[in-house]
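Thanks for coming. I will take a few minutes to walk through the structure on the screen, and you can follow along in the viewer.

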Amino acid sequence: MKKFFLSQIAIIALSLFIVSCGSDDNDPIPVDDDPGMIDATLTGQITNDMTLTSDEIWTLDGRVTVVDGATLTIEAGTIVKALPGQEANASVLIIARGGKIQANGTSSAPIIFTSSTDNIALGQTVGTNLTENDRGLWGGLIVLGRAKASLSGDATENQIEGIPASDTNGLYGGSNDADNSGSLNYVSIRHGGTLIGEGNEINGLTLGGVGAGTVISNIEVVGNVDDGIEWFGGSVNSSNLLVWAQGDDGLDIDEAYSGTISNSLVIAGDISDHSLEIDGPAGSLEGMFTIDGLTLIGNSVTENGEYADLRDGAMGTLRNVYATGFKSSADVELDNNEVSQNFLDGKIVFQNWVLNGDDNTAFVEKGGCIANCDDMDSNNDVFEDLIILSPTFSERAATWTTTGTTGGANTNVFSWTFASAKGAF
Amino acid sequence: MKNFIFLFISFLFFQVTFSQTSGLAGIINDGEFNDVLPFANIIVKDTQTGTTTDFDGKYSLDLEPGSYTIVYSFVGYQTKEITDVVIKNGEITNTDVTLNASAGQLDEVIITTTARQNTEAAVLSFQKNSVNLLDGLSIETIKKSGASDIASAVKNVPGVSIQGGKFVYVRGLGDRYTKSILNGVDVPGLDPDRNTLQLDIFPTQILENIIVIKAATADQPADFTGGVIDIVTKDIPTREEYSVSVGATYNSDFHFKNNYLVSEKSSTDFLGFDDGLRDNPLVSHQVVPLPQQNGEAASLITQRFEKNLAAQRESSFLNYNFSATAGNQYEIGEKKLGYLASVSYRNETTYYDEYIDGQIFRKDEADKSNFQLLADRTQNGEAGINNVLISALAGLTLKSEKSKYRFNVLHVQNGESQASIFRQSNFIISSNNIIKDNLIYTQRSITNALLNGKHTFGTESDWNVEWALSPTLARIEDKDFRVTPFRVSTDSETGEETYTIEPSESGVPSRFFRDLEEINLAGKLDIEKKHSLFSYDAKTKFGGGYTFKNRTFEVLKFSIPFLNFPSATLNGDPDQILDDENIYNPDTNSGFFIRQDSNDSDSYDSDISIASAYISEEFKITDWLNSIVGLRFEQFNLNYTGERQDGTAFNDTEIINTSDLFPSVNLIFDLNEDGDKKIRTSFARTTARPSFKEASLAEIFDPISSTTFIGNIDLQPTYINNFDLRFEKYGESGDFFALSGFYKSFKDPIELSFIRRAYGQYTPLNLGDASVFGGEIEVRKNLGFIGGLENLNFNVNLSIIESRQEYSEDEKEGRLDNLREGESLDDTRQLQGQSPYLINVGFNYEDNGWNGGIFYNSQGKTLQIVGAGDVADVFTLPFHNVKLNISKSLGEKKNSTISLKFDNLLDDDIESVYQSFGGQDQIYSKWNKGQDISLGYSIRF
C-alpha cells in the first residue's frame, strides 16, 4: 500500500514535468522576404546637412531624426519608401527642434513618402498595387519646433505622441512663434500611421509647436491609420492640404494652435471618423486658429463619420466651409458646456457654411455627462443642462448655414495628388 | 481528472491500515545561542529509560501510556525537569525544551516545569534566544489562523502587510525592500514586474515555519531593508507519519453562477499548465509579411492562430483542495535516513460580476477653482478567474553522529486563466465607448533543489560547518494574451448599438506571448567556532556565498488589423474575427490578418552575480549584555544584453558593479536573570538594488492599462541606514509582549515615476532622499487571569509607520502646476505602497480538541499610484477583514480534524480611489471578494 501511495505521488510529479508539444503543424511558412533592390537607406540620426536626390529611391529604416542644427534637403521628385514596422519599430522621419527640412517638390514632381510595399518607381507619381485603404504600413512625418503650445500645467515643452520619452528628440514647444523648421511643399504622405496607445499615435503629418517661419503648403496625406494632419500648438500657416481616407480624424487641432489653415480638402473613407476634431488649450495659454476655405467630402459607409467635433475648450474660426456626401446623422458638435460657453463668448466663430443635403440642424449642442457615466447602462446617464438657449445653437446656425452645392476650397490646386489620380473627388 | 479522483479515493481508503506506538518526541534548544542542542540527554526520571538528541537536537522515545517526569540535561547547562508529561495510547507527545547555560555556577541547578505541548512556544523560544530582531510564525499559528497559503499566513506577523494578495510589505516598505528566501537561499521571483517572490503560490502544507527577520546581521544578505522572509520547508519527521487533508470552499458571489466567464480550455488546465493550445503557432523566426507584401502567406499565417477571442459563459464550480504528506525515518546502523514527500492541489474559481478597474479621473486644468475631479475614462465589467496550484516537495535526509545531509526538491506549478468583458467610456483624451473581451492565461512554475550539509568537528564539537547548494529554475509564460476591442456607437435616435473595430479609436484586436525564464544558482558556506572570550562563551561566525542569476525576457506581439472589411458586420462577436470567411483573402484583398508588432527593445537578457563574505562575533562582556558585531562584504554585478529603440545594442555590458561593506551591530540587554525581559538595539547598513527590468533598456507597453514602462539603464543602488530598538517580555503560557521603534534613512531610493511630458509613460528613478520611522506593539496573552478563561488566548499587534519621500523635479512641477485654489504642497509625501498603520487582532480558544478563533486584520489608507500632473493620487482604502475558524479534533487519538472557516464576515469591498484637495473621491478600482465558507477534513496516521 505504501508503494502504491508513493507511486501515485510520483505519477503526479512526473505529469507536472511533462509538457506536451501540442500541435505539430507549426512548420515555417515559406516567405520570400527579399526587399528587392535598395538604392540608399536612411537610418538613425542625421547630424550634418544632407540631401536626398531624386535619382534614386530612398529607404527609411526605423526612427530617423534630423537633429538640432542639421538640415535635410529633399529634391523635387524624390521617392522615400519606408520599411514596415509598428509602434516603436515604426519607420518615421522626425525633424527635431532646431533641425530643418527643405522638401520643395513641384506639382509635376512632388516628393512622395510611401511604404516599401508600394510598387511606385522612379519618375512615377502613383503606384498601382496600393489603394487608399492600405493603411499603417509605416509611421509618418513629424516636424517639431519651438513655437508656443498650450500644455498641461503650463509646461513649456512636451513629448510628441508616438515617440517614447526616452528619446528627447521627441520634445516640442517653446516661446518662439516665428520659429522656422524649413519648408514642406508638394509633399504626398501615403499609407502610414501607427497607434501605440490611446492618445499615443503617429499621424500622417504631425506638427508640434511649429512656428510661423515654416512653410507648409500643398500637402497630401492618404490612407493614414490615424489622423491625417495634427497640429499640437504652434503658429505655422498651412495651405492647400488634402487628407483622404484617414482612419481617424482628417484635420486635428490641439493645444491652442494659432495659425491659419486655408484652402483644404478632407475626403472621408470607409472607416474615417470626424473630418475635423478640434480641441482647446491644455494649459492657460489661449490661441485661436482660423480655417478659411475648406471642403469636406463625407462617406456613407463609415459608422462615425461626422463633420466636426469641437471639444475640450476649443476656440477658433471656421469660415467658408462646404460639406457634401455625409450621412444624415452627421453633425457639427459642441461637445460640452465648456465649448458652448466659448461659442457664447465669441471664441468659436462660424461663418458661411454650405451643406449639401443638410441644413442648420446639423449643428448640435451637447451636454457633458455628469452622473452615472461610469456604469454599464448608458440609458441612465445624466447630462449637463444645455446653455445656449433661445435661440438654440441649431437655430442660431441658420445665420451661417445654407444648403447648396458649391463653396469651400478651390480643389483645382489638388490636381497633382494621388487622390486626384485615383478619382477621389 | 479521473486520476485525481482515483488517487483521492485511495488516500481515504488506506488510512485505516496504519497504527502507531505511543511515545515522546521533541527538540532541545540551546538557550545560549539560537541553535539546537545536539547530544543532550533525556531520561525518564528514576529509570534507566532514556536517549540523546541527535545532530538536529531532536529526540524520540517509546513509552507506554501514562504520566512521567522527564529530565533533560547537558554538560555545562542547567538541568530541566518536566513533570506531568502525559503519554496517551498510540500517540506521540511533543515536548520541546530549551536548556540554558550554567556558566559560573558550581551547583547543579534543576528547574522544574510542567509540560506544555505547543510548537508556537518553540518559535517564541527561538525568537527569544535569537540575536536577530525577528518574528516567527509556527505552523501551529498558521493553522489556527486558517491561512491556506503563505501570503495570507504571514500577515499575522507584526508590521507585515500583503499587496494584491501576493507580495509582502514589511513595515510598509514595498517589495523592493523585502527579501523572500527559501530555506535560507535566494530564489527567483515569479512576476516580471517585481523584485520579490510572490508568496501566494506556496501552500502552508509544505511549511515548517516562516521567520521574518527585521534587523540585519552579517550572515544575512545585505539587500533587504524591511525584512527577510525565510520560508522554511518541512523537515523530516522523527517517526513514521502520514497525513491527508481535503477541503472545499463555497462563495455565494462566485460559485455555481451560470454566467461565469471562461476562454477555451486546454486538456491540462486542471493540472496548472497549458497543453500547447495557447502556444504561438508560428516558429520563432517566421517572417510575417503584410498582405501588401505577400497575401498568400499572410492568409496562411492568420489561419494558424486560435480562433477563440471571445469570453464564453459557463457555470462556475466551487474551490477545492487536497494534500497528502508522508515521511519516515529509518535507522541504518549508526545513521538515520529520513524521507518526506508532500503534494498539494488547490483549484479556485472567482467571478466578479461588477469589477471596476483602471478608471482615470483628472483635475480640471483650465479652472483651478473646480475642486471636483473630471472623469476621463470609466471602465467596468465582469471577470472570471480560475487558479490551479500544485506543489510537490520531496526530501531525503541522512544523519550521522557528526553530520547531516539534506536533499530537497520542490516544484510549484500554477496556472491562472482569466476571461473578462470590460466596458470602457472615454471622455477627455478620446471620446468614445469601447467594449473589450480579454482572455489571459499565465503559467508559472518554479523548481528548486537544495543540497545542504551540516558538520560538527572538534573534540568539544566546537566547530560547526554548514553549506548549501541550491539551483532554481523559474518560468512564467503569459500565453496568448488576447484583447479584442469594439467601439460601440449608439444611434441617438433609435438607440441601436453598432459595434465596429476602429484602429484609431478602439485599437485593433491584439494578442501577445511573454516568456520569462530565470535561473538562480546559489551556494553558501557558514563556519562557526565556539570559544571563550572575557570568560564567557562566545561564537565566531564567518563564511561567504555566491549567487548567480540569469533572466531572459521575451515578448512576441501580434495584432489583427483588417483590409477592406466592414467590421460592423461582425455584430461585436470577437469569435467571428478569425472565422475562415473573415480571414484575409488575397483574391478579394479583404479580411483580417495577423501582423507582427514585436519590438526588439521589449526583450532583454540580464545577469546578476553577488559574491559575499562576512565575519561576525557573538560575545558577552557582562551577564546582561549579549553583543553581536559583524561586517559583511558584497560585490554586485549586473550585465545587460538588449537593444535600445534607436538600435544601439548592449551586449553583455556591465551596467552596475559595486563593492560595499555592510556593518551591523546588535546589542541585547537582559533585564533579569531568566532572560525573559530584554531590550534589543541594532544598527545595520543595507542596500536595495534595481530589478532586472528596471535597470534595462526595455520599453514595454501594457495594452491593459495603456501605459509604457521605460527602463532606466543609469539606475544606481539605494543605501539604507537602519536603527531598531525593541523591548520584549516573555511570560508563562506563551504570553509575550513587545514594543519596538525603528528609523530608516534612504539615500537615492528608487521609485517608479510618471514622465510628466509624456502621457502614460513611466520610468524608475533614483529620487530624493527618504526616511521612514515607526513603532510596533505586540501582545500575546492567555486570558487565564480572568477566571475560567484559561483556554482563551488573545493577541494583538499594531504598527504605526510614517514615511517621508522627497519629490522628483517632474513630480514637484506637475504637482505645483495643478494645485487647487487654497491648496499648498507639502515638502514630502508618503512612500508609495506604505501603510500608515497595520493592525491584527485575534482571539483563540482551545479545549479538548476544540479550536476556535476570530481574527481581524486591516491596514490604513495607502498611496497606491503616485499621481502625475493633472491625474490625482490613488489611495487604497482600508479593507476590514474578519475571519472565524472552528475546528474539532476527532477520534480517540485526536488524529483527524474537521474545520469550518468563514472569511470576510463584514463583506467589505476592496476599493481604491482618486483623492484631490477639496474634491469628492472617485473610484479607481472596486470589487467585492464575497464571503467564503470553507469546510476541511484532515487525518494523520
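For chain B, the pLDDT averages 83, and 89% of the residues score at least 70. Among the elements of chain B, the lowest mean pLDDT, 41, belongs to helix α1(B), residues 2-13, while strand β32(B), residues 591-592, has the highest, 94. Where pLDDT is low, the predicted coordinates should not be read in detail.

Now chain B as a whole. It has 941 residues, and 49% of them are buried. Its secondary structure consists of six helices and 54 strands. Take the contacts in chain B between residues at least 6 apart in sequence: 69% of these join residues at least 24 apart. The domain assignment gives two domains for chain B: domain 1 is 1-115, and domain 2 is made of 312-559 and 599-940. Their C-alpha centres lie 37 Å apart.

One helix in chain B is worth a look, namely α6(B), residues 809-817. Which of its residues are buried? They are Glu811(B), Gly814(B), Arg815(B) and Asp817(B). Seen down the axis of α6(B), these buried residues fall within an arc of 165°, so they line one face of the helix. Glu809(B) and Leu816(B), on the other side of α6(B), are exposed. What do the buried residues of α6(B) pack against? The answer is β42(B), residues 750-754.

Let me move to chain A. There is an open sheet of eleven strands here, with parallel pairing, and its order is β2-β5-β8-β11-β17-β19-β21-β23-β25-β27-β29. The edges are β2(A), residues 45-46, and β29(A), residues 363-365; each has a single partner strand, so one side of each is left without a neighbour in the sheet. Inside that order, β8(A), residues 92-95, and β11(A), residues 141-144, run parallel and are joined by three bridges. Ile95(A) stands opposite Val143(A) in β11(A).

Next, strand β14(A), residues 182-190. Is it mostly covered or mostly open? It is mostly covered, with eight of its nine residues buried. Several strands pair with β14(A). Strand β9(A), residues 100-104, runs parallel to β14(A) and is joined to it by four bridges; there, Ala103(A) has Leu184(A) as its bridge partner. Strand β10(A), residues 111-115, also pairs with β14(A) in the parallel sense, over three bridges, and Phe113(A) stands opposite Ile189(A). Strand β18(A), residues 215-222, pairs with β14(A) in the parallel sense over seven bridges, and Ser188(A) has Glu220(A) in β18(A) as its bridge partner.

Is Trp244(A) buried or exposed? A residue counts as buried if 20 or more other C-beta atoms lie within 10 Å of its own. Trp244(A) has 29 within that distance, so it is buried. Trp244(A) and Val222(A) are 22 residues apart in sequence, yet 4.8 Å apart in space, C-alpha to C-alpha. Not counting residues up to four places away in sequence, Trp244(A) touches Glu132(A), Val222(A), Ile267(A), Gly269(A), Ala419(A) and Ala424(A).

Last, the cores. The largest nonpolar core has 219 residues, and those with the most contacts inside it are Ile94(A), Tyr307(A) and Phe592(B). Strand β24(B), residues 374-399, gives the largest share of this core, seven residues. A second, separate core has 20 residues, including Phe427(B), Ile710(B), Ala872(B) and Val913(B). Going back to Ile94(A), its contacts beyond four places in sequence include Arg63(A), Ile142(A), Leu144(A) and Gly170(A).

That is the tour, and I can take questions now.

Terms used: Residues are numbered from 1 along each chain as its sequence is written. Chains are lettered from A and ligands numbered from 1 in the order in which they are written. This is a predicted model: local features need pLDDT of at least 70, side-chain atom pairs count only at pLDDT 80 or more; totals for chains, interfaces and linings use all residues. Domain bounds come from an automatic or database domain assignment. A residue is buried if 20 or more other C-beta atoms lie within 10 Å of its own, exposed if 12 or fewer, and partly exposed in between; C-beta atoms are placed from the backbone. Helices (H or I, at least four residues) and strands (E, at least two) are DSSP runs, numbered from the N terminus. The arc is that of the directions from the helix axis to the C-beta atoms. Two residues are in contact if their C-beta atoms, placed from the backbone, lie within 7 Å. pLDDT is the predictor's confidence in each residue, from 0 to 100. Two strands pair if DSSP finds at least two bridges between them. A nonpolar core is a set of buried Ala, Val, Leu, Ile, Met, Phe, Trp, Tyr and Cys residues joined through C-beta atoms within 7 Å.
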